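Hi,

Here's the structure I said I'd pass along. Have a look at it first, and my notes on the helix packing and a cavity follow below.

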Amino acid sequence: MSLAHAAAEYMLSDALLPDRRGPRLKGLLLELPLDRMVKFIAVGFPLLLMSLAFAQEFSSGPPIRCFSPSNFSIRQAAYVDSSCWDSLVHHQPDELGQHKMKSLWPHKALPYSLLALAVVMYLPVLLWQYAAAPALSSDLLFIISELDKSYNRAIRLVQHMLKIRQKSSDPHVFWDELEKARKERYFEFPLLERYLACKQRSHSLVATYLLRNSLLLLFISAIYLYLGHFHLDVFFQEEFSCSVKTGLLSDETHMPHLITCRLTSLSVLQIVSLSSITIYTLLVPVIIYNLTRLCRWDKRLLSIYEMLPAFDLLSRKMLGCPINDLNVILLFLRANISELISFSWLSVLCVLKDTTTQKHNIDTVVDFMTLLAGLEPSKPKHLTHRIGDENP
């Protein structure tokens, strides 16, 4: 074996990817980075506000403070505070001299409504985890494995071609066999391409992804309605008139009919309302952007893997409407690009392919690695001319 052939063998051996059998791909991402950010904010923010509401209640004491008559004892004043907080009804006199009652229950339900909000915003995440994540995981495992295997098969094919060229005494025979193999598509491994083509006709993943983001938008709209209908009605009311002449105290003449109380927790409700509107409004364009990504193909990822044999979804113009499972899979392949070891190698080969002076002879990684190994990617011109001279 000559020194050039040995160097070519070493170069091709180094280009082979390591075999990743066993416990591999444990860190596979089944959520896109922006989706994960939306999940943490949409679910974690109301939980943070709930802890703020409970902390304010424990640190500042009772959420209301009533101005009981001066002749009330401490126990009587505590009873008034407790009774008014339990009822939390504002008695407002109208023009006819009667009292119109207005409930202030959003103050009392604030921590629990935040907990319910966090649970509701987590429902789309559960939908994705149980309806789409298992199928997506198996798809990604198969596709990542096949992409790396296709790259390794291409490198091993070049190694085999190099050995055959070394053993062949007649270069005409070698190049004739090589041209025949290319014409009959021996170098292609169409299983992966056909699998991806089938994914273009499947819509289960994309339907679940659309449903997940649509539910998020629907729940955010419900938050706006809830805050506008219930919180806005009590947003500026700091004091209210409470009636304690109920039950056994209804006949007590020394008890005033109405007692003025002040809501010490009003600032918490205002902070929760304004911050919720701000945060969820900022999430809306992010969710819409996630949906718009389904309307276009990630052609850069596809163009890099066009260097693999029989991976010509772009060149054959096989890509149709992007709203299908294949586009979702491509988005997650981009998110798991660190698991695709072949991607970095093919990216380098694409750069070298664009800068080489023989672009018209290089279509796949087989052609390029053949050139790097010291073989011409196509039959040399002097052999072609010699054949033409022998057969005038």
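Let me start with helix H5 (residues 110-131) and helix H10 (residues 266-292): their axes come within 11 Å and cross at roughly 20°. Angles under 35 degrees count as roughly parallel, so H5 is roughly parallel to H10. The crossing of this pair, H5 and H10, is left-handed. On the H5 side the contact is made by Leu110, Leu114, Leu117 and Met121, and these meet Val268, Leu269, Val272 and Tyr280 in H10. By class, that contact of H5 with H10 comes out as eight nonpolar residues, with no polar and no charged ones. Bear in mind that this is a predicted model.

Next, H5 against helix H2 (33-60). H2 and H5 have axes 8 Å apart and pack at an angle of about 165°. Since angles over 145 count as roughly antiparallel, H2 and H5 are therefore roughly antiparallel to each other. Their crossing, H2 with H5, is left-handed. The residue list is as follows: from H2, Lys39, Ala42, Val43, Pro46, Leu47, Leu49, Met50, Ala53 and Phe54 meet Pro111, Tyr112, Leu114, Leu115, Leu117, Ala118, Met121, Tyr122 and Val125 in H5. The contact of H2 with H5 divides into 17 nonpolar residues, no polar and one charged.

The crossing of H9 and H10 is left-handed. Among the H9 residues in this contact are Tyr209, Leu210, Asn213, Leu216 and His231, while the H10 residues include Ser273, Ser276, Tyr280, Thr281 and Asn290. Sorted by class, the contact of H9 with H10 holds 15 nonpolar and six polar residues, and no charged ones.

How many cavities of 30 Å³ or more does the structure hold? There are two cavities of that size. I looked at the second largest cavity, which has about 30 Å³ of space in it. Its lining is made up of Val38, Lys39, Ala42, Val43, Met121, Pro124, Val125, Arg212 and Leu216.

Which helix gives the most to the lining of the second largest cavity? That is H2, with four residues. In terms of class, the lining of the second largest cavity has seven nonpolar residues, no polar ones and two charged ones.

Cheers

Terms used: Residues are numbered from 1 along each chain as its sequence is written. This is a predicted model: local features need pLDDT of at least 70, side-chain atom pairs count only at pLDDT 80 or more; totals for chains, interfaces and linings use all residues. Side-chain values use heavy atoms; hydrogens and water are left out. Axes are lines fitted to C-alpha atoms, for helices over the stretch in contact, and angles run from 0 to 180 degrees between N-to-C directions. Helices (H or I, at least four residues) and strands (E, at least two) are DSSP runs, numbered from the N terminus. Angles under 35 degrees count as roughly parallel, over 145 as roughly antiparallel, 65 to 115 as roughly perpendicular and the rest as oblique. A crossing is left-handed if the near helix is turned anticlockwise from the far one by less than a right angle, and right-handed if clockwise. Contact means heavy atoms within 4.5 Å. Ala, Val, Leu, Ile, Met, Phe, Trp, Tyr, Cys and Pro count as nonpolar, Asp, Glu, Lys and Arg as charged, and the others, Gly among them, as polar. On a 1 Å grid over the protein atoms alone, a cavity is a set of points where a 1.4 Å probe fits but cannot get out, and a pocket is an open set with protein on both sides within 12 Å along at least five of seven lines; lining residues have an atom within 4 Å of a point. Grid points are joined across faces, edges and corners, and a volume is the space filled by probe spheres set on the points.
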